[in-house]
Amino acid sequence: MKAIFQNSLLVRAVMRLREWYHEGAIAGFFRAIAHAYPHSRFRQIWEHFCAAPICTAANSRYARILAALRRFVERLGDAAARSLIYRICLAIWKPVSTFLGGGVIGKAFRFAGVRGLLLICLALYLPLDYVIRNYFPIAAVASIWDECMMLAAVAYILWHTAMKRAPLQSRATPVDAYLLLFIGVGFFLMCAVSPDMGIAIDGYRAVVQYLFWFFIVTRLIEDDRDFAIFYGTLVAMALVVAAHGIYQYIIAAPIPAGWVSQTEESVRTRVYSITGSPNIMGSLLVLFAPMVAGIAYYSKKMWVKVLAICATGMMCLCCIFTFSKGAWGGLVVAVIVFAIFLDRRLIALMGVAGAGALIAIPSIATRITYLFTADYVEASQRAGRMVRWETGLDLLHSANSWLGFGLGRFGGAVAMQNKVIEETETFQYFYMDNYYLKTLVEMGYIGLIFFILLLVGMVLWCLRAIGRTGYNESDRTRVLAVSMFAGMCGVLMHCYFENIFEVPYMMAYFWSMAAAVLYLGYFRKKRMKSKIG
């Protein structure tokens, strides 16, 4: 069987492509870089860049505030532990936990722990949100369940700290400063430009609420087991969603006519699974496909590698079937970032796969070539991104360009739900289809500057975290950090074409993964062998 496989036409074709690559100029260019890198000035700069500690000012005011807050919470915990109510609750809980601890479910709960359960719920944000919004009998629960999950996580962290079970190492990061600065600027702009305070508050909440998952996850992931639970659940969830997307393409799930233009009749369907939008579906796959590919490089078991490669191919194929051009661009960025850090051959493989997809699926070529036609320009100027972006900029310039048109007033979900400006033949409400431009219109140049500053700070510290992780036979942690970071870069690219961060679970996933990357680089603690592969 092995001989038949090795002599098959497919294997011989792949091996021949491999030989062409190694003999070509691209491989020679990369070999020259690899040869020069160990003695280069760039390596010295990179190592110095990555050597920066997580908190350069241990005695800073922020660090002192966090330390004082921790001492205060611990004193409250000491007082609670001595109270009669606590002893009564503990006496009641012991037999209950013993009763519930039996069986498979009880063992799973004991293995995951409270932190693990919270991380699992966060990783399953999308399916939980879908089920609760569509099948839960109490409608009010659908609008508050994610806030309740966030509050439960905060309550656990406070209790964990109060009982002196939290790690002694501070989980403060420089990214905290960028986040708090942007949150503060947003609060100032909400107060400064608020013709309708209720809408301004809703707009502010939509922008900053899910940023707090970064602070929470940096404290929920305490060791490798917590990280493995979170990473593994994210991958499992993404694979199920991708498989459902493939199924939708096979059965040609019906879609609204507005999802394709008249010149794209060859596009039989666009997959969306439980996200409800092919663009969000594509962005979700861009975020998680590198994580699945990372397992192939992380695991030492051949069967895990094979499954991971097949699963990655399925997710990339599903991303193609979304026919989201922004997601395709994000996937290219994610692959390039992944390849630069781990395997530059993937750039050539991406080119071959892309050419094969264009040949095998003509509707892809049709959708791409449509971008360069006069029909696309006319449609975009009539009701597409060009007219949307122009309308948004006109509104910005009609107000104070530095302070913006007002949070929640135009370009996003809050504005679509609260149409305070009368619609006319020349003015209509719509999504901006560019999260950066939406931020500019609502928050002005000040808001956009601090938002870009936040993203730049996050990217820089994620790069430092990646540089501090190991990449050798005994420790391949860098693979997992790069996998998450690559997907995040792809989403940042896609945000230029869609309001990706308008979707709560996308923002929650994004900032949670940023926290996980910093854990690997700065806070990693080995508790037990990772179960990822």
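At 14% relative accessibility, D433 counts as buried. Buried here means under 20% relative accessible area, exposed means over 50%, and partly exposed lies in between, with a 1.4 Å probe and protein chains only. D433 sits in the loop between α21 (413-417) and α22. Its phi is near 60 degrees, a positive value in a residue other than glycine. Most residues other than glycine have a negative phi.

This is a predicted model, in which local features need pLDDT of at least 70, side-chain atom pairs count only at pLDDT 80 or more, and totals for chains, interfaces and linings use all residues. Residues are numbered from 1 along each chain as its sequence is written, and side-chain values use heavy atoms, with hydrogens and water left out.

F323 also has a positive phi, near 55 degrees, and is not glycine. Look for F323 in the loop between α15 (302-321) and α16 (325-341). F323 is buried, with a relative accessible area of 1%.

Now the whole chain. It has 24 helices and 0 strands. Helices (H or I, at least four residues) and strands (E, at least two) are DSSP runs, numbered from the N terminus. Of the 533 residues in the chain, buried ones make up 48%. Take the contacts between residues at least 6 apart in sequence: 76% of them join residues at least 24 apart. Contact means heavy atoms within 4.5 Å.

Next, the helices at the end of the numbering given here. Helix α22 spans residues 435-468, and packs with α24 at an angle of about 30 degrees, the axes being 8 Å apart. Axes are lines fitted to C-alpha atoms, for helices over the stretch in contact, and angles run from 0 to 180 degrees between N-to-C directions. That makes α22 roughly parallel to α24. Angles under 35 degrees count as roughly parallel, over 145 as roughly antiparallel, 65 to 115 as roughly perpendicular, and the rest as oblique. The crossing of α22 and α24 is left-handed. Left-handed means that the near helix is turned anticlockwise from the far one by less than a right angle; clockwise is right-handed. On the α22 side, the contact includes L454, M458 and W461, and on the α24 side it includes F510, W511 and A514. The residues of this contact divide into 15 nonpolar, 1 polar and 2 charged. Ala, Val, Leu, Ile, Met, Phe, Trp, Tyr, Cys and Pro count as nonpolar, Asp, Glu, Lys and Arg as charged, and the others, Gly among them, as polar.

Helix α24 (residues 504-523) also packs with helix α23 (residues 477-494), at an angle of about 150 degrees and with axes 10 Å apart. α23 and α24 are therefore roughly antiparallel to each other. Their crossing is left-handed. Among the residues that meet are L480, M484 and F485 in α23, with M506, F510 and M513 in α24. This contact divides into 14 nonpolar residues, 1 polar and no charged.

Turn to the cysteines. The structure holds 0 disulfides. A disulfide is a pair of cysteine sulfur atoms within 2.5 Å. The sulfur of C319 is 7.1 Å from the closest cysteine sulfur, in C316, which is too far for a bond. C319 is buried, at 1% relative accessible area. C121 is partly exposed, at 31%.

One more stop is S143, in helix α9 (residues 139-162). S143 is partly exposed, with a relative accessible area of 46%. S143 and D129 are 14 residues apart in sequence and 9.4 Å apart in space, C-alpha to C-alpha.
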